[in-house]
Amino acid sequence: MEIGPILASLRKHRIPALLIVLEIALACAVLCNAVFMVGGRMNEIHLPNAIDEQGISVVTLNGFDPERAASEIPRNLAALRGIAGVQAAAVLNTMPLSDNGWNGNLSPKQGTEATDHSSLNINLYLMGEGGDKALGLRLQQGRMFDGEDYANGTLGDSFLPETHVVIVSRSLARRLWPQAPALGQKLYGDKFWYQVVGVVDDVLRPNKAGSGLPGMYDTAFFPMRPGDTLNYYVLRSTPADRERVARQAEDVLGKLDPGAVAEGKSFVDIRGKYFSGAQSMVWMLALVCVVMLAVTAFGIVGLTSFWVAQRRRQIGIRRAVGARRGHILSYFRTENFLLSGAGVGLGMVLAFGINLYLMQHYEMDRMPWYYLPVGAITLWLLGQLAVYGPAHRAAAVPPVEATRSG
Amino acid sequence: MFGYYLQLALRSLGRHCVLTTLMVLALALGIGACITTLTVLRLLSGDPLPGRSTQLYYPQIDPYPKEGYVPGQSKPQENLSWVDAMNLLQAHHASRQALVALGSAKIEPRQAGRRPFFGDAVMATADFLPMAGAPFRYGSGWSAADDASGARVAVIADFLNRKLFDGANSVGRTIRLNGHDFRVVGVLGHFSPQPRFYALNLGRSYGDGDAVFLPLRAARAIELGPNSVGCWEAADIGHLETAACMWLGLWVELPDAAAVAGYRRFLDGYVREQIAQGRFHRSDTALPSLMEWLRTEHVVPDDVRLQAGLAFGFLLICVTNTIGLLLAKCLRRSREIGVRRALGATRTAIFGQFMVEAAIVGLAGGVLGLLFAECGLWGIRHQPAEYAGLARLDLSMFAITFAVALVSALIAGLLPAWRACVVAPAPQLKNS
């Protein structure tokens, strides 16, 4: 296919050609960035979390008498374990993705201030006895807490627990001690020290605090005897039972302490609620992308159709002097190919520019390079698809059209 | 003349029915997306206290330790500790000032069989409600004397009054908060500043407003805790009055620029004094106005701004699309233009004719876009975000929709109309 005549013809219709190029470029730039954002959100929504998410239900208890918490928690747990289908039950101070953080600055070096760079903002899970079973924690190295650990764990007069043992998430262990094994190492905070006795598979934080997304697994577990800071009752059952267990547990706790407010939910709902903003952003971005591609495609269809109608006579002449239908088809396809090529070329530069701008003004990462060619190919294909109809109509123009004066 | 253009335009649009539909639809989609996101953006960046916000300022200081401090690279803290808050409040350096913190109180209904529930509770000093311009349905706020004595009095919101007292005048009756009795001294009318500027975590602060307002000392006496506490060293959060923790906001009313400058000097002086005493190590201060404070707190979520940007990009694509299609149409009609020009129509007349056509497309796009925007906002209202329920099209957005539609269509029409009016009549006539 010779592109000389095509270029010559495009030069005659400079402005419409430029408009198609511009439209494709804009669509390509927006598409690349929108898809990149969707990808980021999807990664966030699907962050793995090494607890038994499907089987856990959570009841929060608020407004109870803090003085009586130590004696009421064992009574409450015993009643909850009596619910049909409950395999394990325990109390914690907060839960992953509950948006209720309990953050502390801990450091692998002794004597550093909370504001020091070597200390990390870590979420502290204070866990009552049996918490590992109720959550379904997966131990990688070392041991879980024993009865003695639980009996000795208390909350000091600050945020930090008074105990000397800690279990950390695997990612946190790697962040704190990149070279050495974590087991046996010590973490320091204020006047306390904690020795790592175990490493578990990564458990998420309650919310994005500290170092943002890369720090979502900066979590550590501490043993704790019953006390008023533990108000998240965690129950484990089969996934089929979880909704019923959550409702029944809410009733049970509400009846045991009529002055308190109990609220039960399955963990799946907690996770859904936490990511609902990201989820709706994904839908919005996807919707805009689809509609935008449709508008672009219809724009190409409309413009090419007019071109075809305008050139009926020329097409007729070409057919009369021996061009086949295939030639006419490939003429319009090649024309579109060239226009799209220019469009996506410009679009990729624009997409890169927009990404740079977003990186400066928003919490956004650099777009990996492969988004650009993928976006480009998508628009190229879209162009070919859009031009299919008009090109076929052009190819169907009979040679006799040449003899008609237009 | 205009009537004639209108007739010509309608006929031309009618002749290319599919193309016209395509143009109107594309424009309407772009406008619908833009208006939807603009409405949300306006809702989120709105002024919580119109008419008062320009006089309210938020003093900030930094009690953090010296470690890690690089002068000029550090920002003052968002909240104040009890000690600093009380010092600044009792200096009475502004015409009015109030401390405020947000907590959550257990409210126990008196009626038998009703379960207790939690409601947002604002603990504040006496000037807070008058400064915020809260309207009272019954009774009034509490006094500075109540602040000092720690009187157990409360002002309740209208929705709580309906829930607990069926909307009757409840002044003088008692409500039970966290297991303690409080005497109701006032019932508010509708009071729900959007956003709730006086609480941190602004993103989660849109909604019905707060349930109860209590004097700060009385609230602390029943151990009502603030939702947001930040400490600069390990501290006993059970005793927030002495702990190294920040949890209070101070709002001051400064009527003019001289008062603002005066308060700034006072604040710097206070910090210098504290540094001299060895309590403070960092000299940064700030005194943002209410709207500046909202901006530094990122009251508009990034996602919402990104969505608005995306919608404008989309509108740009739709406008480009419309330019292309209008242009194609007008080039097809070169002969018609040639005939009209030969019969004596001026360039201005041709230009006008094509602009009228573009305007019709714009208006149709606006009407349809309004429909799309309503659909979009309906979708937003069913989202889980806390501000979602407030997303509605008001009269000004209604007008903006048509302005945006018309302007984008006219911009889209400019190039085709110009191309049309420079068509030379002679070659067009010769051709046929």
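In this predicted model, chain A and chain B touch through 42 residues of chain A and 41 residues of chain B. On the chain B side, three elements each supply at least two residues: helix H2 (17–44), strand S3 (117–124) and helix H10 (302–332). H10(B) gives the most, with 18 residues. By class, this side of chain B has 26 nonpolar residues, eight polar and seven charged.

**Chain A: domains**

Chain A is divided into two domains. Domain 1 is made of two stretches, 4–46 and 276–403, while domain 2 covers 92–232. Their C-alpha centres lie 53 Å apart.

**Chain A: helix H12**

Helix H12 of chain A runs over residues 371–395. It has 25 residues. From first C-alpha to last it reaches 35 Å, close to the 36 Å expected at 1.5 Å a residue. Where does H12(A) have a kink? The kink lies at Tyr388(A) and is about 40°.

An α-helix has 3.6 residues a turn, so residues three or four places apart point the same way.

Asn178(B) has a positive phi although it is not a glycine. Glu223(B), also a residue other than glycine, has a positive phi as well. The table gives the values.

| Residue | Phi | Other C-beta atoms within 10 Å |
|---|---|---|
| Asn178(B) | about 50° | 20 C-beta atoms |
| Glu223(B) | near 60° | 13 C-beta atoms |

Both residues sit in loops of chain B. For Asn178(B), the loop is between strand S6 (174–177) and strand S7 (180–188). For Glu223(B), it is between helix H7 (216–221) and strand S9 (230–231).

Why does Asn178(B) count as buried? Asn178(B) is buried because 20 other C-beta atoms lie within 10 Å, and the cut-off for buried is 20 or more. Glu223(B) is partly exposed because it has 13 such atoms within 10 Å, and a residue counts as exposed at 12 or fewer.

Note on methods. Residues are numbered from 1 along each chain as its sequence is written. Chains are lettered from A and ligands numbered from 1 in the order in which they are written. This is a predicted model: local features need pLDDT of at least 70, side-chain atom pairs count only at pLDDT 80 or more; totals for chains, interfaces and linings use all residues. Two residues are in contact if their C-beta atoms, placed from the backbone, lie within 7 Å. Helices (H or I, at least four residues) and strands (E, at least two) are DSSP runs, numbered from the N terminus. Ala, Val, Leu, Ile, Met, Phe, Trp, Tyr, Cys and Pro count as nonpolar, Asp, Glu, Lys and Arg as charged, and the others, Gly among them, as polar. The expected span of a helix is 1.5 Å times one less than its number of residues. The bend at a residue is the angle between axes fitted to the seven residues ending there and the seven starting there. Domain bounds come from an automatic or database domain assignment.
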